[in-house]
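Here is a short walk through one part of a fold, then a single side chain. Keep the model open as you read.

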Amino acid sequence: MKSLNLGILAHVDAGKTSLTERLLHAAGVIDEIGSVDEGNTQTDSMELERRRGITIKSAVVSFPIDDVTVNLIDTPGHPDFIAEVERVLNVLDGAVLVVSAVEGVQPQTRVLMRALRRLRIPTLVFVNKIDRGGAQYAQVLRSISGRLVPAGVAMGSVTGLGTRGARYVPFSAGDDDLLSVLADHDDTLLAAYVDGTEPISYRRLREELAAQSRRALVHPVFFGSAITGAGVGELIAGIRELLPATAGDAGAPPSGTVFKVERGPAGEKIAYVRMFSGTVGVRDLVPFREGEEGKITAIRVFDRGGAVRSSSVAAGRIGKLWGLGGVRIGDELGLPRTGTAGRHFAPPTLETVVVPARPADRGALHVALSQLAEQDPLIDLRQDDIRQETSVSLYGEVQKEVIQATLADEFGLDVTFRETTTICVERPIGTGAAVEFIAKNPNPFLGTVGLRVEPAPIGSGVDFRLEVELGSMPYTFIRAVEDTVRETLLQGLSGWRVTDCTVILTHTGYWPRQSHAHAVFDKSMSSTAGDFRNLTPLVLMDALKQAGTRVYEPMHRFRLELPEDVFAGVLPALARLGAVPRTSAPGESSFLVEGIIPAARVHELEQRLPSLTRGEGLLESAFDHYQEVRGQAPVRPRTDHNPLNRKEYLLHVVRQV
């Protein structure tokens, strides 16, 4: 049987979860359609999701369409939970992007579509809420073509728009718009379209539409209502006809991707895996990371709604696996896939310190946040052992509220947060080098480490290279140096993560394993990986101080639509917030301003916008780049891992050993 792993994506409140309910009902999986407002939908299972009426965690349900099993993944629509969407994208065969017929294309809609197009994921657009007052047809289509996808193909029209009786009417033969869009990607059709002499059958057009949709060249647009069911049957037919369902090779070597991790009632770890090839079964021993493997103790496969117990999960299917205790989001089961890694959305640009209401709860808080970090690695849990503080990265204030409620509901921990601050980065200015030799003061460790730090191109991250022979010392020691370099660079001279640099190992040395005559191994005479883990931060920070660093803050690109008569008054407010308008032009019924703004000031602009624009302003923003901080750069309080004072660090480490 073929399978299709389908993502449902949308800006918050476009009706994505309601559409999921309608699809399940139409397929006969559920007898009664749940309501987001009443908190009884199939995919919003968290108590917090039911209370707030928004999707926070991605959820999987399954339903059949003819001979295809559709594994539908409902994703969060709020931008604060974009990390959940990020993890889902790599396991999708296709997607349905939901747009509201009332609000039209919204900021998050554009962010999602950009990622889908970049990954070439076949995508259908479903314009929801045609039964709502204020619903639009032509305007939404123009907005989709102008701001979302240039190759959008309307698949039908709407009667009774904006009323409870609104209906979707599919187009039939003779649709010239379909031919004109398809001709852009097919020379034969283009010739026929230009000449106008040789007729093209409607069947031929539908076949070409399906082919181009599956290659993500065009994006069919359907209209309907998840509440009344209008247009949903046509959407289901479109999913079956226009998106790429596959059978998969169940007999090939197993290969799968972990896209979600959660904890069961007993605290056991459960991995959600999409299998791309092969089959894994209960009691199979499977590798999931370099040097890591685990034995599968139980499997559930999604079928007709929820997950049912199974002895195996095969290619194309999604399964829940028990028994892989060390598994993490993003791990590859079996054979690793190539060309799938990489970030699809901008990283978090905000951070905050989580403070327990009771100081005695610090240990329990760290354990609880560690479990939340398993489910969302991008919160980037950091522990300051000297100040006894724990900080996390954020996309926005709503995410902070969710973390607070989750800690209270699931772990019984009351917490508060310090003021949210912006996450900056550091980049080296020049080149710096340092070396510490074994058995030479002030080096108290049994190892020689020399490192050189050089600037690297923007966006390249951290690259570790060898200028010594690979066999100059045991690989475990070289690996200890590399791992520690990457850990140390999480906090640079000003306390921020150091990026866009090359670190080169220039000197190595060690004392082989030895002992006194007829005695056991003597650590005082033999180098260990611990020597290199302790020495590397000292050398690296000396090299980094010689190179010097600059601090860069995140900048957002913004797009602001506002009434033309308030434009002159808004410009001074933008300037006070550090925003730099780059373009401004009149639109159809408003004035459009685009530019850049410090990420730290976006929230303030959002708060001030209603009063500046009589509530008519529409702002969308997204991370664009890092810009050098002028004047006094912000300094993050440092932890004990990479202190600035070399002497204090040596004293601290010597006390530890």
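Two strands pair if DSSP finds at least two bridges between them. Helices (H or I, at least four residues) and strands (E, at least two) are DSSP runs, numbered from the N terminus. This is a predicted model: local features need pLDDT of at least 70, side-chain atom pairs count only at pLDDT 80 or more, and totals for chains, interfaces and linings use all residues. Residues are numbered from 1 along each chain as its sequence is written, and side-chain values use heavy atoms, with hydrogens and water left out.

Start with strand E30. E28 runs parallel to E30 over five bridges, with arginine 465 opposite isoleucine 504 in E30. E27 pairs with E30 in the antiparallel sense over eight bridges. There, glutamate 454 stands opposite threonine 502.

Now turn to helix H12. Its buried residues are Phe477, Ile478, Ala480, Val481, Thr484, Val485 and Thr488. Seen down the axis of H12, they fall within an arc of 155 degrees (taken from the directions from the helix axis to the C-beta atoms), so they line one face of the helix. They pack against E27, E28, E30 and helix H13 (contact: heavy atoms within 4.5 Å).

Last, glutamate 620 sits in strand E34. Glutamate 620 is buried, at 11% relative accessible area. Its neighbours, not counting residues up to four places away in sequence, include Pro107, Arg557 and Phe558.

Definitions and conventions:
Buried < 20%, exposed > 50% of the residue type's maximum accessible area, 1.4 Å probe, protein only.
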